[in-house]
Amino acid sequence: MLTIAMEDPSAADSDALMAELSATLARITGDSGRSSFDPDDVRGPQACFVVARDGEGQAVGCGALRPLAAGIAEVKRMYARPGTQGVGVAILRHLETTAAGFGYRAIWLETRLVNVRAVAFYDKHGYRRIPNYGKYAGRPEAVCFGKKL
């Protein structure tokens with residue numbers, strides 16, 4: 001049984017999950033992604049940081065939402081521990097439901113083209129490529145996705 005709940009992004013389990021994510025991203029892309037995430041961005045209104053826990057209460061994944069623009073939330077720090085099944089999908093669906101509840105009309109996110117598993121994951125779950133936005137504009141290594149809620 002998997003549970004997903006809001007937690008503090010600075011808590012020990014949250015920090016451990018994000019450290020694993022950063023190490024994985026650094027290995028795949030050469031960039032840990034840490035510079036693109038500020039924990040304070042997910043502590044405010046219409047934002048959240050969630051942790052997924054298995055039946056024994058072990059943290060197995062995380063994800064975050066932050067406000068990006070009027071009606072648009074951005075997904076950040078999506079991660080499921082290797083060897084887990086369905087954790088990434090469950091977290092993504094939870095974030096989509098939460099975003100809709102906050103009144104967002106769309107979700108955007110960025111990943112790197114070289115991160116083929118992430119690109120395939122978002123393609124498979126209804127996300128479509130959009131023009132690179134914000135700091136990702138003009139960066140050929142980045143790919144941005146969006147989904148209407």
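Asp41 is partly exposed, with a relative accessible area of 30%, whereas Arg66, at 16%, is buried. Buried means under 20% relative accessible area, exposed over 50%, and partly exposed in between, for a 1.4 Å probe and protein chains only. The side chains of Asp41 and Arg66 meet in a salt bridge, with 2.7 Å from N to O; the term denotes a side-chain nitrogen of Lys or Arg within 4 Å of a carboxyl oxygen of Asp or Glu. Asp41 lies in the loop between H1 and E2 and Arg66 in strand E3 (residues 59–69), so the pair ties together parts that are 25 residues apart in sequence. Helices (H or I, at least four residues) and strands (E, at least two) are DSSP runs, numbered from the N terminus.

This is a predicted model, in which local features need pLDDT of at least 70 and side-chain atom pairs count only at pLDDT 80 or more, while totals for chains, interfaces and linings use all residues. Residues are numbered from 1 along each chain as its sequence is written, and side-chain values use heavy atoms, with hydrogens and water left out.

In total the structure holds 11 salt bridges. One of them joins Arg43 and Asp8, whose closest N and O atoms are 3.0 Å apart. Because Arg43 lies in the loop between H1 and strand E2 (48–53) and Asp8 in the loop between strand E1 (3–6) and H1, this pair ties together parts that are 35 residues apart in sequence. Arg43 is partly exposed at 39% relative accessibility. Another salt bridge is formed by Lys147 and Glu96, at 3.2 Å between the closest N and O atoms. Here Lys147 in strand E7 is linked to Glu96 in helix H2, 51 residues apart, and both residues are buried.

How much space lies in the largest pocket? The answer is about 1,000 Å³. A pocket is an open set of points on a 1 Å grid over the protein atoms alone, where a 1.4 Å probe fits, with protein on both sides within 12 Å along at least five of seven lines; lining residues have an atom within 4 Å of a point. The volume is the space filled by probe spheres set on the points, which are joined across faces, edges and corners. The lining has 35 residues, of which Leu21, Met78, Tyr79, Asn115 and Ala118 lie nearest the centre of the pocket. Strand E4 gives the largest share of this lining, seven residues.
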